[in-house]
Amino acid sequence: MIMEVDLIFKIAAIGIIVSILNQVLSRSGREEQATMTSLAGLVVVLMMLTQKIAELFDLVKSLFQF
Amino acid sequence: MKLLAILLCLLILALPVSALEVEAPTVPEMGKQWMPHNTQSLAEGLLELVQKGILSLRPDLKEASRVSLGILAAVLMICTVQSVSAAVKTTAELAGTVAVAAMLLLSTKSMIRLAADTILEIGAYGKLLLPVMTTALAAQGGISGSAALYAGTALFSSILQSAMNHVLIPGIYLYLALGTGSSATGESLLKKMAQTLKGFLGWLLKGILGVFTTYLALTGVVSGTTDTTALKAAKVTMSTVIPVVGSVLSDASEAVLVSAGLMKNAAGIYGILATLALFLHPFLKIGVQYLILRVTAAICSVFGSSRVTELVEAFSDGLGLLLGMTASACVMVFISTVCFMKGVS
Amino acid sequence: MAVFWKTAAGILTAVVLVLAVGKQEKDLALMLTMAVCVMAVGAALSFLEPVISFLYRLEELGDLQSGVLEILLKIVGIGLVSEIAEMICKDSGNASLARGMELLGSAVILSLSLPILETFLDLIQRILGEI
C-alpha cells in the first residue's frame, strides 16, 4: 500500500470546498444547510478513510500472521 | 640351626624390598582409550595423553558451535523484533530466555552428568590406587607418614564426593533456575540470589581444597619451592585454565610438581597417568563448551539484549563450577600419589 | 526506495494541508491526519516484509520452537496498531479513548503471551526437578 498522494489532495480539496460552502451558506443565512454540508463532507471522507483503514488492517493481518 | 636362623632373617629382610614391586590397579573402562602407550616415563606419557585428548575434541567443538549458533539466532531474532515495536519488549525477553534456556539445558544436563560420573570414577580409582601406594611407602619405612597421608586423602575425597552430590550439583541446578528466572523477569532480587549462591558454591569448593592442602602441609609432605621456568609455567597454566579453584590448586601443586618429574616409581606413574586419562577427556569436553559459551555471551552482548546475555553467562558459570569440581577431584588424587611417591621427608 | 521518498513527501504535504483545512474544518483536518497516518504505516509495513522472512530464516537456523516467532509477530502487530490509534485519539483530544485503546492492546498482548509463560514455568520445573 503506497502513499496515494491523490487521496490526500482529494480529502484536502473536500475540506476546502466544504469550508468555502460553509462560509457562503452561513453568510447568506442558511445555517442548517451549512451544517448539512459539513456533515456530508465528513461522511464522504469517512467512507474513504474506512476503506483505507480496512486495507491497513488486512495488510497487518497478512504480515503478522493473524 | 644357625644357618636356618640366618636364612630366616635374610628372608624377613627381603620382604620389604619385594613389597616395593607393587602393581598399580588397571585403569577402569572409562579411561582405557585415553591411556598412553608409554607408561614408564611421566613426561612422555603426559604428552601422549594430551595429544590424544586434543585430537578427539573435534566433534565436541562442532556440537558446541551448533548450540551457540542457535543461541545467536534466537538473540538476533529477539533484538530485531524489539526494534520494530517497543510494546513487545517484556514478552520478547521472556520468549528469548525460554528459547535459549531450553537449548542450553539439554547439553548442560549431560555435562553435569559427565562431570559427576568422572568424579565418581576418579574417586573409585583412587580408592584402589591409594592402598597400593600406602603399602609401597610403608615398605620404604614411612609408616606413620603413609597412614596420615592415606587417611587424609581418603577423608577429603569422600568429603568432596558428598559435597558434590548433596550440595554442589543441586546448587548448580538451583543457580541455573535462578539465572533463568532473573533473565526472564528482570527481577534484580533473583539476580542477587543467583550471585550469592554462585559465590557460596565457589567458596565451598575452594574451602574443601584449602583445608586439604593445609592438611598436607601440616603432615610435612608438601615442602620446599623452586624457581624453574617449567614449574612457573605449570602454575600459571593451572590457575588460569581451571576456573574457581585454579589458584588454590596451583599453590598446592607447586611443591609436588617439583618432585613429580623425578619420580621413577612405575606404579605411581601408571596411577597418575590413569587418573589423568579418566579426567582429561571430560575436562576438555566441558572446557570446550565453557569457552564457546563465553564467546557466545560476548557476541550476544553486542546486540544489546543484556538479560539474555546474562543467562548465557550464568550457564557458562555453571560449567565453570563443574570444571573446578572435576579438576579438584583429579588433583587431589594426583597430589596424594606424588606425595606417596616422594616419600616422607 | 521510491516508496520512502513518496511517503515522506506525502506526510510533509499533509502537514501543510492540515494547517490549511484545520482553520475552518477541524474535524476534516483530523480525518486527513488519520488517512495520512494509515497510509504511512502501510508503507512502513511494506518495508518490513523481507525483515519478517529473515526472522523466519533465523528461527529455522536456530532450531527454535515454531510457535514463539508467530506469537511475537502478532504482539508486534497489535502493539503497532494500538499505538497509532492511541496517538490519533490523543491528537483529537480524547485522552479517555486513548487510554481505552491502550488497555485493550495490553490485555490482548498479555493473553497472547500466556503460552510463553507456560513454557517458561515448565522449564523452571524441569530445572528444579533435577535437584
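Student: Are H4(B) and H10(B) roughly parallel or roughly antiparallel to each other?

Tutor: This is a predicted model. Start with the geometry of the pair. The axes of H4(B) and H10(B), the latter spanning residues 266–303 of chain B, cross at roughly 20°. They come within 9 Å. Angles under 35 degrees count as roughly parallel. H4(B) and H10(B) are therefore roughly parallel to each other. The crossing in which H4(B) passes H10(B) is right-handed.

Now the residues. H4(B) brings Asp60(B), Leu61(B), Ala64(B), Ser65(B), Ser68(B), Ile71(B), Leu72(B), Val75(B), Leu76(B) and Cys79(B) to the contact. H10(B) answers with Lys285(B), Val288(B), Gln289(B), Ile292(B), Thr296(B), Ile299(B), Cys300(B) and Phe303(B). Sorted by class, the residues of this contact are twelve nonpolar, four polar and two charged.

Turn to chain C itself. Its domain 1 covers 1–62 and its domain 2 covers 65–131. Their centres, taken over C-alpha atoms, are 23 Å apart. Nine residues from domain 1 of chain C and six from domain 2 of chain C make the contact. On the domain 1 side of chain C, seven of these residues are nonpolar, one is polar and one is charged.

H1(A) (residues 5–27) and H2(A) (residues 31–63) pack at an angle of about 170°. Their axes are 8 Å apart. That angle makes H1(A) roughly antiparallel to H2(A). From H1(A), the contact uses Leu7(A), Ile11(A), Ile14(A), Val18(A), Leu21(A), Asn22(A), Leu25(A) and Ser26(A). These meet Glu31(A), Gln33(A), Ala34(A), Thr37(A), Ser38(A), Gly41(A), Val44(A), Val45(A) and Met48(A) of H2(A). By class, this contact has ten nonpolar, six polar and one charged residues.

To return to your question: H4(B) and H10(B) run roughly parallel, while H1(A) and H2(A) run roughly antiparallel.

Key. Residues are numbered from 1 along each chain as its sequence is written. Chains are lettered from A and ligands numbered from 1 in the order in which they are written. This is a predicted model: local features need pLDDT of at least 70, side-chain atom pairs count only at pLDDT 80 or more; totals for chains, interfaces and linings use all residues. Axes are lines fitted to C-alpha atoms, for helices over the stretch in contact, and angles run from 0 to 180 degrees between N-to-C directions. Helices (H or I, at least four residues) and strands (E, at least two) are DSSP runs, numbered from the N terminus. Angles under 35 degrees count as roughly parallel, over 145 as roughly antiparallel, 65 to 115 as roughly perpendicular and the rest as oblique. A crossing is left-handed if the near helix is turned anticlockwise from the far one by less than a right angle, and right-handed if clockwise. Two residues are in contact if their C-beta atoms, placed from the backbone, lie within 7 Å. Ala, Val, Leu, Ile, Met, Phe, Trp, Tyr, Cys and Pro count as nonpolar, Asp, Glu, Lys and Arg as charged, and the others, Gly among them, as polar. Domain bounds come from an automatic or database domain assignment.
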